[in-house]
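This report walks through one protein chain. It covers the fold, the cores, the salt bridges and a few backbone details.

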Amino acid sequence: MKKLVLQLIFGFIILPLSVAGTLFYLNKNGFFNISKVEVVLENPPGGQEQFLKPNVDNLESALAKYKGLSLWNIKLKKISREVSALNWVDGLNIKRSWPSTLSVRVRPHEVKLLFMAKSGKLVPIIKDGTFLTPIESKEAPDVALLEGETFLKKTELRKKAVDVIEQIPAEGSFSKKTISEIRYDGKEGFWMTLIKTGVQVKMGEDQVALKAARVSQVVDYLESRQFDARVIDANLSKKVLVRLRKDP
């Protein structure tokens, strides 16, 4: 009975106190001080590395202030609020990676479109139509540019533009990759400019996926016949109208 009592005392009192004392000693002597801040992107969108790298570098620089502090003592909720306030961050997970690493996993927003500001800088646009912080052209992802002051004033119109571009295929003769600019007309809806030829494509606002497929076929046909088109009007119920450059 006495032996059992001693075992219980050792297991529930002496051993925990010993462990706690060891951890306290190690913490007091800097064993758990942060020596590395690790920022990892979670599922980063393809083709946007030049946009994300400066943001990650800036975040790592901002979090460097925590180096030298004890991993035990830092407040993860406070750091989480700090990182979440960055408008390019869609979600994150922060954890202590023992014994001395602060690990921050960030899910970034995908830039869907760009807008040219009067300053000459490009303003990234995300899924809900929100503007992010303006960037230099060298940091811009390869996405279409919104043209027109109307987009500057109306978040809902930017969101609608994102919805439209999302219905267009990523690959093909008429795809996200082949569009350089998008503009909007109050009566005719969305117009798009093709990078390679400068052809203007009238898309309207509805049935975009169906119209995109039709335009792709038309582009293939025009290229095979070496026709020089000026306008492709896909905003019709059952057909696509092509105006050649020699047409009035």
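Buried means under 20% relative accessible area, exposed means over 50%, and partly exposed lies in between (1.4 Å probe, protein chains only).

## Basis

This is a predicted model, in which local features need pLDDT of at least 70, side-chain atom pairs count only at pLDDT 80 or more, and totals for chains, interfaces and linings use all residues. Residues are numbered from 1 along each chain as its sequence is written, and side-chain values use heavy atoms, with hydrogens and water left out.

## Overall build

The chain holds six helices and 11 strands. Both are DSSP runs numbered from the N terminus: helices are H or I with at least four residues, strands are E with at least two. Of the 248 residues in the chain, 36% are buried.

A contact means heavy atoms within 4.5 Å. Take the contacts between residues at least 6 apart in sequence: 49% of them join residues at least 24 apart. The chain exposes about 14,800 Å², with 55% supplied by carbon and sulfur atoms. Accessible areas come from the Shrake-Rupley method with a 1.4 Å probe; for residues, only the protein chains shown count as cover.

## Nonpolar cores

A nonpolar core is a set of buried Ala, Val, Leu, Ile, Met, Phe, Trp, Tyr and Cys residues joined through side-chain atoms within 4.5 Å. The largest one has 32 residues. Leu 113, Phe 174, Ile 179, Ile 182 and Met 203 touch the most other members. Elements giving two or more residues to this core include β4 (113-116), α5 (155-166), β7 (179-185) and α6 (208-225). Helix α6 gives the largest share, six residues.

Which residues does Leu 113 touch, not counting those up to four places away in sequence? Among them are Val 123, Ile 125, Val 143, Leu 146, Ala 161, Ile 165 and Ile 182.

## Salt bridges

A salt bridge is a side-chain nitrogen of Lys or Arg within 4 Å of a carboxyl oxygen of Asp or Glu. The count by this rule is 15. One of them pairs Asp 57 with Lys 53, with the closest N and O atoms 2.8 Å apart. Both residues lie in helix α2 (residues 49-63), four residues apart, or about one turn of the helix. Asp 57 is partly exposed at 31% relative accessible area. Lys 53 is exposed at 53%.

Glu 205 and Lys 160 form another, with closest N and O atoms 3.2 Å apart. This pair links distant parts of the chain, 45 residues apart: Glu 205 sits in the loop between β9 and α6, Lys 160 in helix α5. Glu 205 is partly exposed at 35% relative accessibility, and Lys 160 is partly exposed at 33%. Asp 206 meets Lys 211 at 3.1 Å, N to O. Here Asp 206 is partly exposed at 45%, whereas Lys 211 is buried at 2%.

Two strands pair if DSSP finds at least two bridges between them. Strands β2 (residues 89-97) and β3 (residues 101-108) run antiparallel and are joined by eight bridges. Asn 93 has Arg 105 as its bridge partner in β3. The two strands form a hairpin with three residues between them. Pro 99 lies in this loop between β2 and β3. A cis peptide bond joins Trp 98 to Pro 99, with omega about 10°.

## A buried aspartate

Asp 233 is found in strand β10. Is Asp 233 buried or exposed? Asp 233 is buried, with a relative accessible area of 6%. The side chain of Asp 233 reaches the backbone nitrogen of Asn 235 at 3.0 Å. Beyond four places in sequence, Asp 233 touches Lys 202, Lys 239, Val 240 and Leu 241.

## Positive phi in two loops

Asn 43 is not a glycine, yet has a positive phi of about 50°. Asn 43 lies in the loop between β1 (36-41) and α2, and is exposed at 67% relative accessible area. Gln 226, also not a glycine, has a positive phi of about 60°. Its place is in the loop between α6 and β10. Gln 226 is exposed, with a relative accessible area of 72%.

Technical notes: A polar contact is a pair of N or O atoms within 3.5 Å; within protein, one must be able to donate a hydrogen and the other to accept it, and residues adjacent in sequence count only if both atoms are side-chain atoms.
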